Amino acid sequence: MAELPLLACRDLGFTTDGKILVQGVSLTVEPGTLQVMIGPNGAGKSTLLRLLCGELRPTSGSVAYAGEPVAGIPAWRLATLRAVLPQQARVAFPFAVAEVARIGLDGIGRGLTRRDREAILVQALKQADILHLAERSYPGLSGGEQARVHFARVLCQLAAGRTVAAGQVLFLDEPTASLDLRHQSAILDAVDDLRRTGVGVVAILHDLNLAAVYADTLLVLDGGRLVARGAPGAILRDDLISDVFGVRWPVGRVPPGGKPFILPTRLLLGGNSPTG
Amino acid sequence: MRARRRSGLIFAALTLLVAAVAILSVGVGAVPIPPSRILKLVAHASADPASARDALVILNIRLPRTLLGLMVGAGLAVSGALMQGLFRNPLADPALVGVSAGAGLAAATIIVLGDGVLRSLGLPGPLPYAALPAGAFLGGLAATLGLYLVATRSGRTSVATMLLAGIALGALTGAMTGLLVFASNDRQLRDLTFWSLGSLGGASWTKVAATAPAILPVLLAVPFLGRGLNALVLGEAEAFHLGIPVERLKRAAILLVAVAVGAGVAAAGVIGFVGLVVPHALRLVIGPDHRRLLPAAALLGGALLVLADVAARLVVAPAELPIGIVTALVGAPVFLWLLLSGQRGFDG
Amino acid sequence: MTDRSTPRLWSRRALLAGVVIGVVPRVSRAAEPAARIASLGGAVTEILYRLGAAERVVAVDTTSLFPANVLREKPNVGYLRALSAEGLLSLGPDLVIAAEGAGPPEVLALVREAGVPVSIVREPPTPEGVLDKILTVGHLAGLAPAAERLAAEVGARFAELARARARVDRRARALVILSVANGRMMVGGRGSSADGILALAGIDNAVTGFDGYKPIGDEAILAAAPDAVVMMQNGADAPSPDGVFAPGTALGQTPAAARRALVAMDGLTLLGFGPRTPDAARDLMRAIYPDLPRD
């Protein structure tokens, strides 16, 4: 019997208020892969992510973790199978940074002593580069620092979940949105490290260049459909960019034949001049 | 490590406070009884007829009153903390789930119309006096249930809808209570006023026995709710990602709060500020972690309400003040002070 | 009012009158009168004082305003309807005589549990009600002979009053204003004690549209068109006709304003329905009908 993928969805669809947000999406998440969802606003990226992590019930199709339908997995066990880094999260009360990160540890995992949990927490804070902020109050942090706190929380959850479930999926919804360049690179490097340990990663990124550098597979969404799936080098082409994103930005390669990159370009076409 | 030792110290202090306040509450009152006698009475209900009155004062007035105060105070404070966690808003208060509004309207209805309705049905009056607390309790539950149904669509409860609907319900019950006030006579009006100001004066073992099954569940649930509320602080979706059965948690919290606050209102009238101020004050001292906040709120809430009751019955003895006046007189300035001094509790 | 025990300590007359609603029998001391009485209710206290039992009163409530020194001299256990069990017991009463409506009921139950009998006295705003109240309080306090004398005296006053009332040929219509708050007047309607005292004084109530005390608006005042206005006087500051009937106000346009017919009387005296009620009714009658021949 072939090993089951960490996550598989078949013919996934989601309709609300008569609007089709996701339609006919089938994909699998294998251990040690990093797939990046790209697509314009309203393409259904976030909805697909919420369907995959079990937060939304699909109106058609199915999602299964290691062959088990997600609808039948209780919330506590699902929490050991996957973690989700949200785009932004307001914390309603003045929790300290370490306390917020520790929420990812509480009640998750088996056979962890207090000392084990402490070690996981410190490791996660270090990896997210916020160990020095551990005692600070979360609401007083900058947006980027807050994002790193949640990353630490997700790291905690994955580490604790590993004591229960062998394979795990990590979902990231625009993890780099509020980060400076150094922390963008740091967080994606950390994610890549996780991938190397066998975590299957699905991330939404708006920055196509970052997507091209870190993804082993790109998932291109448009109008709720998966319009392309493949290695960045294979699918990032001029026509895809103009078809899906509606801009004529050329795709270049450095070195020639290597990783693709996209260069923003101002094209003056057909009297559509912004000058004047 | 230091934080853990600190919170251990705080819990020890709170437990001592509860014990000290309980002893004070049993030890003082309008009837002067020496401590040595109290000890004897509590240890073995003395058969000495000369101390029969003292025995009654201690065993049937002060003890049930103290227990009722501890329970109601703990129930209100824990409910406040639960509501603040559930609504992710430090200004939330148990009244938000409509309990007080519903209970108030039911009480007004019974006070103003009860005897008249009984008479028109040809039944002998007056209403048994258990009708008022029982009606208030049911009114509170009915209001919460109504709000819950309004705010729940296809299995998901929107706390924002519930909050807004709660404001509408408050206005509606306020207007209906106003109508009843208009229809009331002078005596009923004063009854209504005193009822709405709250008092532990009617405490009895019967009341304790009737109230305990409604308030104890919320207190016993405390160890199981902290983690879920902590996760909920990040948002409902995030809490679900962290393994919390969010809808079940919301349902349980709302039900527990409605039952506990309903019973508190039924037993002691409307007592404000305990549910709002106690969790606030504690957050400043032991932080917002609900696993510490909830049990601490139970202890401090119980202690403060009993302390307020001691003040209520000593200040103008042998008469007594409505306890709602004491909690609001003390609670409102404390709340203002928290607002002005401790921004941490609000905006961080 | 919720006590279901059987009254069996006093005369058949009181029993027949159904005046006493409840008392816990205390067989051991049934023979001797209570030495320490908690007197709750303005009229109850007034009667006990008139019967010469002032020394035995150990506690009063906030409505015990007459005689004026009562609240200064006796411990006050608070408002009649919001009593404290321990507060009452701390004064060591061996009898509680309370006006109808005393409570809360749980508190009275605790007091009874402590072996202190609690008697509730009904207060219908009628002459019979006053006489029954006097007799009942007297019996409870073990002062039956004195009570019967006082009842006879008060009864005679009521009879006198009835004769005077018969001489009223054209009945005036009066408005009784209990209080003014925010410009809204709380007035006495049907079945209120204000209605009762007006009837005794041979005066018609100008408002008949509702029961008890209610706030009413300007139009209702104009519609009531009272010939006279009765207000409560609190201590020394009596309401002045110039203020009450100020031009432009609703009261200023009533027939009462044209005659400057304003009567201000002490609230408890007027509405208390105690031994002074016939005198109060007579005073009110004289104020409203100044031309009525005197006895």
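**From one residue pair to whole chains**

Modeller: Strands, by the way, are DSSP runs of E with at least two residues, helices are runs of H or I with at least four, and both are numbered from the N terminus. Before we go on, this is a predicted model, where local features need pLDDT of at least 70, side-chain atom pairs count only at pLDDT 80 or more, and totals for chains, interfaces and linings use all residues. Residues are numbered from 1 along each chain as its sequence is written, while chains are lettered from A and ligands numbered from 1 in the order in which they are written.

Biologist: Which strands of chain A form the open sheet, and in what order?

Modeller: The general idea is that two strands pair if DSSP finds at least two bridges between them. Here 4 strands of chain A make an open sheet in the order E2-E1-E4-E5, with antiparallel pairing. Strand E2 (19–29) and strand E5 (68–69) are the edge strands, each pairing on one side only. Inside that order, strand E1 (residues 7–16) and strand E4 (residues 60–65) run antiparallel and are joined by 5 bridges.

Biologist: And how many helices and strands does the secondary structure of chain A come to?

Modeller: Chain A has 9 helices and 12 strands. To judge its overall form, we use the radius of gyration, taken over C-alpha atoms, and a globule rule of 2.2 Å times the number of residues to the power 0.38. Chain A comes out at 20 Å, close to the 19 Å that the rule gives for 276 residues, so it is as compact as a globular protein of that length. Along its principal axes, the C-alpha trace spans about 65 × 45 × 40 Å.

Biologist: What share of chain A counts as buried?

Modeller: Buried means that 20 or more other C-beta atoms, placed from the backbone, lie within 10 Å of a residue's own; 12 or fewer makes it exposed, and in between it is partly exposed. In chain A, 43% of the 276 residues count as buried.

Biologist: Which annotation covers residues 7–248 of chain A?

Modeller: An unreviewed UniProt entry annotates them as "domain: ABC transporter". Its positions are given in the numbering used here, feature names are shortened, and annotations may be inferred rather than shown by experiment. The span is 37% helix and 25% strand, and its end C-alpha atoms lie 35 Å apart.

Biologist: How many residues of chain A are in contact with chain B?

Modeller: 27 residues of chain A are in contact with 24 residues of chain B. On chain A's side, H2(A) gives the largest share, 4 residues. No contact joins chain A and chain C, whose closest C-alpha atoms lie 41 Å apart.

Biologist: Where do the domains of chain C lie?

Modeller: Domain bounds come from an automatic or database domain assignment. Chain C is divided into domain 1 (12–158) and domain 2 (173–288). Their centres, taken over C-alpha atoms, are separated by 29 Å.

Definitions and conventions
Contact = placed C-beta atoms within 7 Å.
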